[in-house]
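Please open the structure in your viewer and keep the selection tool at hand.

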Amino acid sequence: MTTLQDLPEIDFTAPDYVAAPLPTLAGFAERFKLGRSQRGIEIFDYDLCRDTILNRSFGTGHPRLMHLLGLPEGPALSYKRRSISFHNRGETRRRLRVPLTKLMGPEGSERFRTDIRRVVRETFAEIPTDEPVDLLTELCDRIPSRVYCYWVGAPMQDAEFVSHASHTVQQVHTRDPSTTHSVTQSFEDLLDYVDTRVAAARANMGDTLLADLIRATDAGHLSADELRNWVVKLAEANTDNSSHQIGIAVIELASRPEVWRTLGQDPKLVPQALREVMRYHPRSLSTSRETLEDVEMDGLTIPKATPVFPNIGAAHWNPNYFPEPDRFDIHRPDKPAHLNFGGGIFSCIGRFAVTIEIEEVIAYMVTQFPDLRLIRTGFSHSPMFTSVTELDAVLAG
Ligand code: HEM
């Protein structure tokens with residue numbers, strides 16, 4: 001019988017993790033299926049990660065997160081409590097997801113492609129091509145926040161607010177109470193913003209995702225409060241994750257000139273190249289769960305109410321599943337699938353739409369800017385996320 005104390009401890013602040021997080025995780029994954037850290041149990045094995053993500057003995061870790069942060073009573077906490085994140089498996093979670101999984105599933109998302117392509121073109125048209133530019137602000141933040149504006153029928157000028165709000169509220173995942181004040185304020189601003197957008201859309205129903213959600217509400221599939229919570233959630237979960245993943249893709253692909261050239265010559269390879277980017281350097285280094293009962297895992301009894309983290313980075317760099325994990329190979333088989341978007345009843349609602357966004361950005365860049373030159377790039381890695389800290393480049397080389 002394994003006890004908690006028998007598990008190897010991973011310190012996310014240790015110099016080896018900070019310097020080389022994915023190889024460090026690979027080292028753990030090669031030797032151990034489970035580990036522990038300050039935040040809870042870490043799962044390093046790919047199959048165990050996948051099972052935990054899908055297994056019904058594990059529920060959402062969000063309520064504990066809010067408790068850790070000490071979010072005060074008020075509109076932000078009240079929104080959080082009623083949003084999808086606080087619901088465990090069951091009828092309410094299933095019912096709440098149905099309209100979104102229809103509208104943003106593979107086919108639903110595909111109908112956004114032409115407009116996403118237009119947003120990508122218009123955004124690049126504003127970026128100088130012959131001088132160093134900060135692609136984090138000029139490109140990575142703008143694409144997802146402008147796509148959100150398109151979904152809710154808002155003027156494109158609102159994108160900056162949307163992007164700033166998403167970056168701020170996503171700080172909940174730092175588990176750092178010093179962020180609580182700004183997170184709370186930003187949620188309140190987003191709630192007010194969404195109320196304005198819903199009212200505007202009701203006054204002038206067009207052919208937007210928001211109008212479709214309003215129609216689903218009027219047909220009785222969501223309450224007015226649930227509609228509002230979804231429109232906030234789509235902003236909350238969107239720009240921050242998508243912006244960093246776009247940046248990661250640009251850096252990983254453009255820093256390999258032969259790959260960049262190959263994609264430019266054959267853009268049909270872009271989707272599989274992006275699958276490898278999300279395997280090799282995922283935005284999501286872990287997702288979170290909490291045990292709903294005592295659970296047996298690999299000889300360890302995990303008591304009820306324990307925070308558990310399927311460590312996606314470790315799973316993706318586990319040589320038992322991904323041979324030579326440090327080799328970036330756009331021709332890797334598509335199975336096992338990457339876990340960047342989690343899975344099952346908790347899976348990322350935006351995964352198809354954001355994949356289209358990144359495909360369109362990269363397909364545009366490899367064909368229009370074959371000589372793109374990276375000037376300065378940087379990453380930081382928390383236990384939860386990969387973030388891009390710098391991305392300066394000259395588009396026309
Ligand atoms: C590359 C960008 C993105 C990444 C890496 C990402 C990743 C994730 C992950 C790991 C989860 C948790 C899944 C789980 O625990 O099983 C999640 C949940 C979620 N994501 Fe994303 N996401 C991205 C973009 C988006 C976008 C663009 C949207 C919406 C427009 C979105 C909406 C959501 C929502 C609503 C949830 C909560 C689902 C639920 O609790 O049922 N995400 N995402």
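The tour below visits a ligand, a pair of helices and a sheet.

This is a predicted model, in which local features need pLDDT of at least 70 and side-chain atom pairs count only at pLDDT 80 or more, while totals for chains, interfaces and linings use all residues. Residues are numbered from 1 along each chain as its sequence is written.

Begin by selecting the ligand and the 25 residues around it, of which Asn241, Gln245, Gly342, Cys348 and Gly350 come nearest; a residue counts as near if its C-beta atom, placed from the backbone, lies within 6 Å. Colour the helices α14 (224–236), α15 (239–254) and α19 (351–368), each of which supplies at least two residues of this shell, and note that α15 gives the most, with three residues. Helices here are DSSP runs of H or I with at least four residues, and strands are runs of E with at least two, numbered from the N terminus.

In α15, select Ser242, Gln245, Ile246, Ala249, Val250 and Leu253, which meet residues of α19 including Val354 and Met365; contact means C-beta atoms, placed from the backbone, within 7 Å.

Finally, move to the open sheet of five strands, ordered β1-β2-β8-β5-β3 with mixed pairing, where strands pair if DSSP finds at least two bridges between them. The edge strands, β1 (34–37) and β3 (58–59), each pair on one side only. Select Phe58 and you will find its bridge partner, Thr291, in β5.

Definitions and conventions
Contact = placed C-beta atoms within 7 Å.
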